[in-house]
Amino acid sequence: MSQKKERSQKAEKVIERMGQKLNRQIVGSLTACVHCGMCTESCHYVLANPGDPTYAPAYKADKIRKLFKRHYDWTGRVIPWWVKADSVWTEEDLEELKDTVFGKCTNCRRCTLNCPMGVDYATFNRMARGLLVSVGVQPEGVAVVSKDQWELGNQMGVLKEDYLDTLEWMEEELQDELEDPSVAIPVDKSDCTVMYAINPREVKYDPRSIADAAKIFHAAGESWTMPSEGWDQTNFGLFSGDDALGGSVARRLYEKVIELNASRLVISECGHGYRSTRCEGPNWAAFDIPFEMESSVLTMLRYIREGRIKVDKSRNTQLVTFHDSCNNARSCGLFEEPRELLNLVCENFQEMYPNRAENYCCTGGGGAMSMSEYTPNRLKSGVVKADQLKETGAEVVVTSCHNCVDGLSDVIRHYELGIEVTQLVNLVANALVIEEKIVVPVEEVVPVEEVVPVEEVVPVEEVVPVEEVVPVEEVPVEVAVEEVPVEVAGGEVPEVVSADAMSLAGRVIVVADDEPDQVEFLATVLEDHGATIYRAATGDEALELARREKPDLLTLDLHMPGRDVGEVFEMLREDPELEELKVCVITGRPELRKLIYDRSVRPPEGYLDKPVDEERLLLNVRKILELAD
Amino acid sequence: MSEFLHFSEHTLQEVAIAWLVTVYIIRVIWFLRFKPGGDRQPATGAADTTPRRGIFYSWGNIFMPWAMESTRRNLLMWITFGIFHVGVTASIALSLIIPYGPGLLESAFVVTLFQILIGTAFLIGVTRIIRRAGGKYMRALSSPDDYFSLILLTVWFFFAFLSVPNQTTNGETHLLTYFLLTAFFLMYVPFSKISHYLYYPFTRYYLGKTLGHRGVYPVQRG
Ligand code: SF4
Ligand code: SF4
């Protein structure tokens, strides 16, 4: 006697909820596939795994389609085996489905555009993700990020004070850089033209892009603000398929724009953020938008077109190529504007092939960067992107998406391509021509020789308090006269010496990394700025040096021989004698972040992705140590 | 002509067509009962792409082999796909010409044209069966319905090819088989993958509308 199969409660719910999610677009896509196989080679997973049909878009789609056929279509209900209709019964069935919809597809929509029948697999793959998430079957990373976005309002768990602190820090950096104390990053200012929303990754790993955007707004004379809350333009609902989360996150942002009475929401460069906020959000939140929304790419382009900012492309001389984010291009039609902008701010632009709507995914789409269990597979699929990049011969790849920055960086590192990744905002800021402030030359006001005997070396403050002579606003801010005595010799005009040069004097830093070149680089830069450096090549050495030298800061690579770095980190944090120790993670393996951030101890004070350049290193180290003070 | 052949050419076909139409109407009603989904967002992308343009582009997509990488790179596949579908249309037309306008087939040109189209479609059908059964990817995708539908069509082409001259001098088995297969084909279609052409306009309509609104259609590439 055949035994009746029992279906688990979760499986039951998945099937039942599928019925509520079905709409005509999805039903059309679920019924129209003829298994012609034309879409097969459009998927980067297929190209990277030759001979394995389980990566074919239609094969993956059938894992979802079989449920529809079995429970909602005609033939499949009567003779399921005839049309490969099937159901899900157990937790294992759901887990298997999870591995397909989260681990084998980045929802890049490339197969959609290559299907003669118009089957939009990416859309119903997202639906399937949502169904699984609704019963708690999801990759751990998806659960963590969703929780952060539900509870803290942003997907990286950035605390409000850290966010505001970062804005303040960037404001100061900008004031220093532009030698203009009036430059500001306004927060919660009402009645501005622009409210600028960002990706939390910018706060956590790339604050420079906030400063760059602020610099551009400042140069354009824009009336703008950033919100103190509702500032995260990204939306994990897009990746997890959770429309409720999507709607809630989008609504927070929209309501903030209305509260501040801004007339335009500008979304920093982020593919999924742009798509979620600009396109899907109004649907998820059932919100009719009473203000304009645009990508910052369009904003920057408009400023140049309108003559509000001036750029000098000769400042960006490297050979650059452009990577179209799937969400920007294949889901929002953002094709030409980034290219137009790129050509205005760069001297050498080389197109990548294929491009625009036919570009391949960076491998980090669909939230893949948060699902570490699929990382090896993701990196394997990156061979397609790596080949594309290599072909261009470019030194720099530009993209308008933070997710793509991470995805591309990973691919570049894995395939050792040595290409730098950047965004348009960084290039525009670099090319920006800021009208020189009129600084009255010191000798015109107080001829040096009248004050300082030429041969004598005299600290500046003994010679002339500059502020007595030159109005404050005309003095470059970096001349921290009282703090940095400048020796004047040979009758030359005093050289402006930045306070940075001395800023690490007296600081003790342990540099822990198993790559000798990396250690040398970090140590040299920090030593050149006055720090005392100790070098460690393993976790144990780092631990020992930290306990012995009681440094102010430890820079920590996440992948070193010997003891697990996560364990080392936890031991350091739990050591009462090292309460003051600041830690900055510097890693080339972002997927290992879990090792540190998943621990229930205080998180590191800083994080940097390799490769690190001198400017970024100093900026971050100074910030961390400044916080320590 | 035997009475059975006459019945197959007329009554049976009429019943089969009536069945097909009825089931299709029910099917369309079933489809339209799902919510349409909407797009509240203001348009994105280039100003000249609109939902309307997107819809027309989407419908016409299949006739523009250059528009999709999949067809551009597999031009031969696209051509054979085209001929195969022309063969289906010719074979259906034949099932109406023989009973209702046999005079048309007195023209040698018309007979030859139909035989070329249907004969080529038959050969393509054979290659498709080989492709489906022989290719690792295609095998993994295929269901019994996929094989059956393809074999059914190919065999139907074969008998349609033999029936084009509408001759019974050497017996009427070929004509009888052709009409019986046509009737079966019409009745089976709504339950098989062959009904894809019913969904095609809808699926493409909605995709075109969304992608047109978002400035993705017409597709841009460099
Ligand atoms: S999704 Fe489209 S291209 Fe892919 S097998 Fe199905 S019908 Fe063919
Ligand atoms: S959406 Fe992208 S990743 Fe997913 S199957 Fe299609 S081509 Fe592959």
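These legends walk through several close-up views of a predicted model.

Some ground rules come from how the model was handled: it is predicted, so local features need pLDDT of at least 70 and side-chain atom pairs count only at pLDDT 80 or more, while totals for chains, interfaces and linings use all residues. Residues are numbered from 1 along each chain as its sequence is written, chains are lettered from A and ligands numbered from 1 in the order in which they are written, and side-chain values use heavy atoms, with hydrogens and water left out.

**View 1. Chain B is built from helices.**
Chain B has nine helices and zero strands. Helices here are DSSP runs of H or I with at least four residues, strands are runs of E with at least two, and both are numbered from the N terminus. The C-alpha atoms of chain B fill a box of roughly 65 × 40 × 40 Å along the principal axes.

**View 2. Chain B meets chain A.**
The contact (heavy atoms within 4.5 Å) takes 62 residues from chain B and 73 residues from chain A. Together the two chains bury about 5600 Å², with 57% of it on carbon and sulfur atoms. Buried area is the accessible area (1.4 Å probe) that two parts lose on being put together, summed over both. Which three residues supply more of the area that chain B buries against chain A than any other three? They are B:Arg40, B:Tyr137 and B:Leu141, which supply 14% of it.

**View 3. Salt bridges cross the interface.**
A salt bridge is a side-chain nitrogen of Lys or Arg within 4 Å of a carboxyl oxygen of Asp or Glu. One to look for joins B:Arg27 and A:Asp73, whose closest N and O atoms are 2.6 Å apart.

**View 4. Helices α1 and α7 of chain A pack together.**
Helix α1 (residues 9-21) and helix α7 (residues 121-134) of chain A pack at about 135 degrees, with their axes 10 Å apart. Axes are lines fitted to C-alpha atoms, for helices over the stretch in contact, and angles run from 0 to 180 degrees between N-to-C directions. That angle makes α1(A) oblique to α7(A); angles under 35 degrees count as roughly parallel, over 145 as roughly antiparallel, 65 to 115 as roughly perpendicular and the rest as oblique. On the α1(A) side, the contact uses A:Val14, A:Arg17, A:Met18 and A:Lys21, and on the α7(A) side A:Met127, A:Leu131, A:Leu132 and A:Ser134.

**View 5. A salt bridge ties A:Lys21 to A:Asp243.**
The side chains of A:Lys21 and A:Asp243 meet in a salt bridge (3.9 Å, N to O). This pair links distant parts of the chain, 222 residues apart: A:Lys21 sits in helix α1 of chain A and A:Asp243 in helix α13 of chain A.

Most residues other than glycine have a negative phi, and most peptide bonds are trans. The bond from A:Tyr353 to A:Pro354 is cis, with omega near -15 degrees, and A:Pro354 lies in the loop between β6 (348-349) and α18 (375-381) of chain A. In chain B, a cis bond joins B:Tyr217 and B:Pro218, with omega about -10 degrees; B:Pro218 is in the segment after α9 (196-213). A:Glu179 has a positive phi, near 55 degrees, and is found in the loop between α9 (160-178) and β1 (194-197) of chain A.
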